[in-house]
Amino acid sequence: MRVLVLVCSTRPGALGPAVGRWLIDAIAPRAAELGVDLLPVTLGDLALPFLDEEDEPASGVHRHEHTKRWSAMVDAADGFIAVTPEYNYGMPATFKNALDYLGREWAWKPMGFVSYGNTSAGTRSVQHAKQVVTTLRLVPLGATVALRIADTVDNGRLRPDAGRDKTAIGVLDELVRLAHALRPMRERTRSGSGAVPLPGSYVRALTPDDAPEVLVLQRCCWVEEALANDTLAIPALEESLEQVRAWLATWQATGLWRDGRLLGMVRTRRVEDDWHVGRLGVVPDLRGRGVGRWLLREAEAAADAGCRRIVLSTGARSRRNISLYRAQGYRAESSDDATAFLTKPVSANAAVGIPDGEPAGAE
């Protein structure tokens, strides 16, 4: 997880850099425990002029290099902590300008605040900023740190204060929890999924970081295979977390997700002139709704140019699976006591109607 610490003041000699340094020092140990990378960003270093893009920020079309750099930084982040002063009951114009430059890059990410000032300790700046960030679909935290300069600063440095450090750690903790909770919203927004088999679902590539979810899905999906074939010697049931992580790094794997839940998956890869399809599984409560068939068609459509046939396998006694695959155009290539191998010419990928049901699992 990557969190940008935004130092918002650009005034020469401002207190912002000192507050930013204190914040980083205070929360860095906790960030390491949570697996968070903290990236300090001083808005003045970005050299953003007042918004000078011809297209609306929501379009995502950025023509200037300064905008492209800022877009890439924000897009790669999972959350933000803004270190902001209060100017005349509001946030600095530079902070508002930096927010206005972008659109979708902000969406569904949490933002925490560390404010500083005199009478109000910068809290009116935070209230002003919250009106803006919610419009950008940023989610402001409830936890904040507010520093009254007269009570906090000596000679341009912040006095040590264990209680203040603890409060800052609380901001980070809440930010991380919220960033994890919002992840499905960010993924769905960015997936660009077209037609999907279930309302609210989306498709994205699986990575080694998804190994825990994939392991759980395998355990629940391949039980029927074990029962049908009277054996527990099934790779999907025997693999460790590290073994799942390893194959996710070498196969092209696709997952269907909804609200952070992995609903189904399939993996593919090319071996010489064959396109291998495997680990086709759907959560038990969604079988019979076309999810497995949809994933299979997606896997077939992704076959590399030059592949002659699609190859998959299932348990030799998995009659339900074999019947479904045959209806989809596959034919038995070979089999032994444990495994049935089926193939289909790549040119035969036209959709074929099949009975209701879902494959319990393809190896």
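Biologist: Which residue in strand 2 does V5 stand opposite?

Modeller: P40. Keep in mind that this is a predicted model.

Biologist: How do strand 1 and strand 2 pair, and over how many bridges?

Modeller: In the parallel sense, over 6 bridges. Strand 1 covers residues 2-7.

Biologist: What packs on the sheet there, touching strand 1 and strand 2?

Modeller: Helix 3, residues 65-75. Helix 3 also touches strand 3 (79-85). Its direction makes about 130° with that of strand 1.

Biologist: Zoom out. What is the strand order of the sheet?

Modeller: The order is 2-1-3-4-5. It is an open sheet of 5 strands, with parallel pairing.

Biologist: Which are the edge strands?

Modeller: Strand 2 (37-42) and strand 5 (139-148). Each of them pairs on one side only.

Biologist: And how are neighbouring strands turned against each other?

Modeller: By 20° on average, ignoring direction.

Biologist: Which strands does helix 5 lie across?

Modeller: Strand 3, strand 4 (110-117) and strand 5. Helix 5 spans residues 123-135 and runs at about 155° to strand 4.

Biologist: New topic: D25. Where is it found?

Modeller: In helix 1, which covers residues 16-34.

Biologist: Is D25 buried or exposed?

Modeller: Exposed. Its relative accessibility is 60%, and the cut-off for exposed is over 50%, so D25 counts as exposed.

Biologist: What separation do the C-alpha atoms of D25 and D165 have?

Modeller: They are separated by 9.1 Å. Along the chain, D25 and D165 are 140 residues apart.

Terms used:
Residues are numbered from 1 along each chain as its sequence is written. This is a predicted model: local features need pLDDT of at least 70, side-chain atom pairs count only at pLDDT 80 or more; totals for chains, interfaces and linings use all residues. Side-chain values use heavy atoms; hydrogens and water are left out. Two strands pair if DSSP finds at least two bridges between them. Helices (H or I, at least four residues) and strands (E, at least two) are DSSP runs, numbered from the N terminus. Axes are lines fitted to C-alpha atoms, for helices over the stretch in contact, and angles run from 0 to 180 degrees between N-to-C directions. Contact means heavy atoms within 4.5 Å. Buried means under 20% relative accessible area, exposed over 50%, partly exposed in between (1.4 Å probe, protein chains only).
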